[in-house]
Amino acid sequence: MKTLVALSVLSVLALFSEIFRFKKFLFPIVLVGLVAVAGITLTEWNFENLYYKMIRMDKYAVGFSVLLMLITALWFVFSKDYFTPEKSITDYYALVLFALIGGVILVSYNNLSMLFLGIEILSIPVYVLAASKKDDISSNESGMKYFLMGAFASGFLLFGIAFLYGATGTFDTSAIGGYAAANVNGLSTFYVTGLSLVLVGLLFKVSAVPLHFWAPDVYDGAPTPVTAFMATVVKTAAIGAFMRIFATSFSYTPNEWTTILTIVAALTLLVGNITAVFQSNIKRMFAYSSISHAGYMLLAIIAMNTSSGKSILYYAASYSIASLIGFSVLSVVAEKKGVGHIGAFNGLSRTNPKLSAFMTLALLSMAGIPPLAGFFAKYQIFLAAFKSGHISIVLVAIVASLIGVYYYFRIIIAMYSKQTSETEPIEVSGTTKALLYICTILLIAMGLFPDAIVGKF
């Protein structure tokens with residue numbers, strides 16, 4: 001609760017910064033504020049506090065909340081050069097901080113009404129951000145598509161929550177789990193229908209197949225920093241919410257959802273990776289890559305054992321950091337070349353060797369090449385699924401990973417092997433350089449010392 005109060009104060013402060021004329025100091029205030037709130041959240045690490053039976057701050061919630069705040073702080077560094085008065089008049093500080101509050105609620109809810117509120121508080125600011133480039137029709141289309149599809153998914157989720165209430169008489173996630181445990185051999189139709197509808201709503205939020213069609217168009221049309229926010233903070237919060245309800249409310253009834261989720265995960269892995277192979281636009285390639293990474297994280301939910309929580313947190317952290325590097329480099333190259341397709345990366349190692357090195361490390365991590373964080377993230381996920389006996393889906397994930405290596409290496413080959421007629425070096429701002437160095441160090445450190453995160457649970 002301290003986390004939500006502190007973030008709310010920071011968000012309202014950002015909202016009124018224009019009126020009280022301190023907006024030019026907002027960047028350092030927000031960065032310091034986010035780090036301070038992360039520190040406050042960590043004080044609850046060794047406790048399990050239940051606030052008004054609505055919010056549960058346990059190790060899982062604290063770990064995900066701190067991750068969301070640190071990713072958001074890094075995202076502010078990434079987006080600082082984009083959201084300038086000349087390019088955008090969007091009050092993005094307040095919008096992003098309010099979205100972050102929704103994300104924290106999503107990883108710490110104890111009541112299904114908070115799950116719904118969390119999704120709406122997270123989603124509504126992101127709809128606005130996706131359409132924030134007002135003179136670009138693609139951005140407007142992106143915001144409208146995301147809003148319509150998001151409303152569609154929220155409807156499914158709300159119907160599912162209503163059916164679960166009808167079956168169990170409660171919104172409390174633990175009480176719903178208790179009902180399932182007591183009636184495991186005689187579950188009502190209301191319960192099974194509610195579970196199915198909640199599953200549909202959450203699969204949309206993590207852009208899993210077959211509810212993924214919105215993601216490439218929305219990712220492509222939105223401004224690149226907003227796309228990065230959706231691929232990191234929004235996806236991490238959504239997968240955290242997914243894991244939480246299946247670990248508390250549905251863990252006693254795996255027969256009702258394990259087979260469906262296994263098929264969905266297999267399709268998500270294969271469709272995401274195979275479709276990414278045929279993309280020449282880097283943002284669309286990252287969109288399909290993001291879909292496939294949702295498939296990897298679903299493996300931890302299918303496994304549903306003691307390793308699931310820590311492996312999904314480690315995976316979300318490594319993927320988010322690599323994505324921030326990838327989108328940062330893409331943003332710099334696309335602004336310089338005026339296009340964002342793979343040809344824009346031809347010969348980047350000659351016009352800016354450091355930029356190509358940062359991008360290479362991020363792509364290698366996403367592909368799962370050791371000793372980077374992405375390798376250990378996949379290893380932890382596969383191990384969790386293997387321990388629970390889901391060997392077939394692990395084999396599918398390994399095949400999907402091999403396909404993924406192909407399209408990640410296409411960019412690396414373009415940077416180092418393709419020729420370019422341009423000789424002018426690509427300049428990078430100081431804040432972008434700082435972000436790239438910080439994220440790269442984190443990516444390498446997490447790969448060398450994976451127990452620093454996994455071993456804490």
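**Figure 1. Helix 13 in the lining of the second largest cavity.** Helix 13 contributes the most to the lining of the second largest cavity, with four residues, in a predicted model where local features need pLDDT of at least 70, side-chain atom pairs count only at pLDDT 80 or more, and totals for chains, interfaces and linings use all residues. Residues are numbered from 1 along each chain as its sequence is written, and side-chain values use heavy atoms, with hydrogens and water left out. Helices (H or I, at least four residues) and strands (E, at least two) are DSSP runs, numbered from the N terminus. A cavity is a set of points, on a 1 Å grid over the protein atoms alone, where a 1.4 Å probe fits but cannot get out, and lining residues have an atom within 4 Å of a point. The second largest cavity holds about 50 Å³ of space, a volume being the space filled by probe spheres set on grid points that are joined across faces, edges and corners. Its lining consists of His293, Tyr315, Ser318, Tyr319, Ala322, Ser365, Met366, Gly374, Ala377 and Lys378, and helix 13, helix 15 (353-367) and helix 16 (373-387) each supply at least two of the lining residues. By class, five are nonpolar, four polar and one charged, where Ala, Val, Leu, Ile, Met, Phe, Trp, Tyr, Cys and Pro count as nonpolar, Asp, Glu, Lys and Arg as charged, and the others, Gly among them, as polar.

**Figure 2. The largest cavity.** Five cavities of 30 Å³ or more are counted, and the largest has a volume of about 70 Å³. The elements that give two or more residues to the lining of the largest cavity are helix 5 (112-130), helix 8 (189-205) and helix 10. The lining residues, which include Leu106, Ile119, Tyr146, Lys205 and Val234, divide into eight nonpolar, one polar and one charged.

**Figure 3. The second largest pocket.** A pocket is an open set of grid points with protein on both sides within 12 Å along at least five of seven lines, and the second largest pocket contains about 430 Å³ of space. Of its 19 lining residues, Tyr82, Lys133, Pro223, Thr224 and Lys283 are the closest to its centre. Two or more lining residues come from each of helix 9 (214-221), helix 10 (224-248) and helix 13 (308-337), and the largest share, four residues, belongs to helix 13. The lining has six nonpolar, six polar and seven charged residues.

Figure 4. Most residues other than glycine have a negative phi, and most peptide bonds are trans. In the loop between helix 8 and helix 9, which holds Pro210, the peptide bond from Val209 to Pro210 is cis, with omega near 10°. Ser207, found in the loop between helix 8 and helix 9, has a positive phi of about 55° although it is not a glycine. Ser207 counts as buried because its relative accessibility is 1%, buried meaning under 20% relative accessible area, exposed over 50%, and partly exposed in between (1.4 Å probe, protein chains only). A cis peptide bond with omega of about 5° joins Pro370 and Pro371, and Pro371 is in the loop between helix 15 and helix 16. Lys53, in the loop between strand 1 (49-51) and strand 2 (55-57), has a positive phi near 60°, and Lys53 counts as exposed because its relative accessibility is 60%.
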